[in-house]
Amino acid sequence: MAIYLDHAATTPVRREVVDAMLPYLLEHWGNPSSGHAFGRAARTGLDAAHERLAASLGAEAREIVLTSGGTEANNLALKGAAWAGKAHGHRIVTSAIEHHAVGHSLRYLEKFGFETVELPVDRYGRVDPDELEAALDDRTILVSVMLANNEVGTIQPIREIAERVRRHREILLHVDAVQAAPYLPIDLASLDVDLLTIAAHKFEGPKGIGALFIRHGTHLLGQQQGGAQERHRRAGTEDVASAVGMAVAYELTRAEQRQTVARLIELRDRLAEAVLAVPGVELTGHPRDRLPGILSIIARDTDGVSVSQALDLEGFAVATGSACTTGSPEPSHVLAAMGYPDEEARGALRISLGRTTTSAEIEAAAVAIPRSLAMLRMGAAAIAADPLGEGTGQRLDRGVVAGA
């Protein structure tokens, strides 16, 4: 039996979402910018998707820009706001644990004279609002801080951060809510941010579609030129079916959010009790202010990649960190910013639950994951005690361990 515990990477598409998308794939497939009946039918679905998504977020339809996903939405927010605000300043303040879609976008902007200030985080991965405010000056045009971290699940004090940013009238606040949107209630009517990013595939919608909220009156320079789509802010023929799917998926998510969160906390804590009982295993991220479905750990004297591969062979899908960095030889930049040395960070494992995770799956994982961690730690200890393999009569110069 295959058990999927990597919902922080992506989620399965709900049947209801597929059903809502099908008419716009098979019947109303026209270009929504066309003036004839085929185009008008598609435009009706697209406009409705804007309205429904905006209503779920507490925004206005005109404030929602559809994108190809969270990465594009973050790029549009950061680059669009930076270039629009260039006349007022060139300084951008962010945190050291942002998703690469934010961090790499800011590195790109530095090539054009923008200055990035990366705020440190504490051992739990949280930004200090006082340190953030101290970093703001009259050259600052933008602050970007994620709502919740995609690797360790720590939730940031966004309302406190927004309060500090609002003391400086010209500074915009961008929030990457891609990982948080399925599990934290977002009400943009009261959340005092200018820009906010979401992606449908994190809440059982289709891949390849996301959205950027741009508060009305916020000046943003479009980054994709062509047609007049999305109110001239993002050129390109819209994917109507995916837009409809995202709107439906988020409506369902919000309707079930309280119930889902309560259930996931119970399942996560049950699994955590079993996993953290293994010697040398430590929880990472904030112990309380964290996303309900993420169990992020470090297993000392092990390699997270080896653990995830061993579990994969047993039918369990888990991760070592962000799916966007899979295959990278470098330890997590998030854990490094939280103060973990490289040798410890290499033992990272992210186990993430979702709405479809069952109690039976957690019971199975509560047995398999501690067993794999213990076995691999025993193997690492044996190699450390007998590095030449003399006790087994087998050479290890090719990385072969007896019985492997």
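**Terms and their grounds**

Reply: The axes of helix 1 (residues 15-26) and helix 8 (residues 240-275) come within 8 Å and cross at roughly 155 degrees. This is a predicted model, in which local features need pLDDT of at least 70 and side-chain atom pairs count only at pLDDT 80 or more, while totals for chains, interfaces and linings use all residues. Residues are numbered from 1 along each chain as its sequence is written, and side-chain values use heavy atoms, leaving out hydrogens and water. Helices (H or I, at least four residues) and strands (E, at least two) are DSSP runs numbered from the N terminus. Axes are lines fitted to C-alpha atoms, for helices over the stretch in contact, and angles run from 0 to 180 degrees between N-to-C directions.

Me: Why are helix 1 and helix 8 called roughly antiparallel?

Reply: Angles under 35 degrees count as roughly parallel, over 145 as roughly antiparallel, 65 to 115 as roughly perpendicular and the rest as oblique. Helix 1 and helix 8 cross at roughly 155 degrees, and they are therefore roughly antiparallel. Their crossing is right-handed, a term used if the near helix is turned clockwise from the far one by less than a right angle, anticlockwise being left-handed.

Me: Which residues make the contact of helix 1 and helix 8?

Reply: Contact means heavy atoms within 4.5 Å. Helix 1 contributes Glu-16, Val-17, Ala-20, Met-21, Tyr-24 and Leu-25; among the residues of helix 8 are Val-240, Val-244, Val-248 and Leu-252. The contact divides into 11 nonpolar, 2 polar and 1 charged, where Ala, Val, Leu, Ile, Met, Phe, Trp, Tyr, Cys and Pro count as nonpolar, Asp, Glu, Lys and Arg as charged, and the others, Gly among them, as polar.

Me: How do the axes of helix 3 and helix 4 cross, and what is the handedness of the crossing?

Reply: The axes of helix 3 (residues 70-84) and helix 4 (residues 100-110) come within 9 Å and cross at roughly 35 degrees. Helix 3 passes helix 4 in a right-handed crossing. Among the residues that meet are Leu-78 and Trp-83 in helix 3 and Leu-106 and Tyr-108 in helix 4. The residues of this contact divide into 8 nonpolar, 4 polar and 1 charged.

Me: What makes Glu-204 buried and His-232 exposed?

Reply: Buried means under 20% relative accessible area, exposed over 50%, and partly exposed in between (1.4 Å probe, protein chains only). Glu-204 has 7% and is therefore buried, whereas His-232 has 64% and is therefore exposed. Glu-204 is found in the loop between strand 7 (195-199) and strand 8 (210-214), and His-232 in helix 7 (residues 229-232). Neither is a glycine, yet phi is positive, about 65 degrees for Glu-204 and about 70 degrees for His-232.

Me: Why is Asp-47 called partly exposed?

Reply: Asp-47 of helix 2 (residues 37-57) has a relative accessible area of 37%, so the residue is partly exposed. Its C-alpha atom is separated by 9.2 Å from that of Val-240, 193 residues apart along the chain.

Me: How do you know that the buried residues of helix 9 are on the same side?

Reply: In helix 9 (residues 304-313), Gly-304, Val-307, Ser-308 and Leu-311 are buried. They cover an arc of only 95 degrees around the axis, so they are on the same side of helix 9; the arc is that of the directions from the helix axis to the C-beta atoms.
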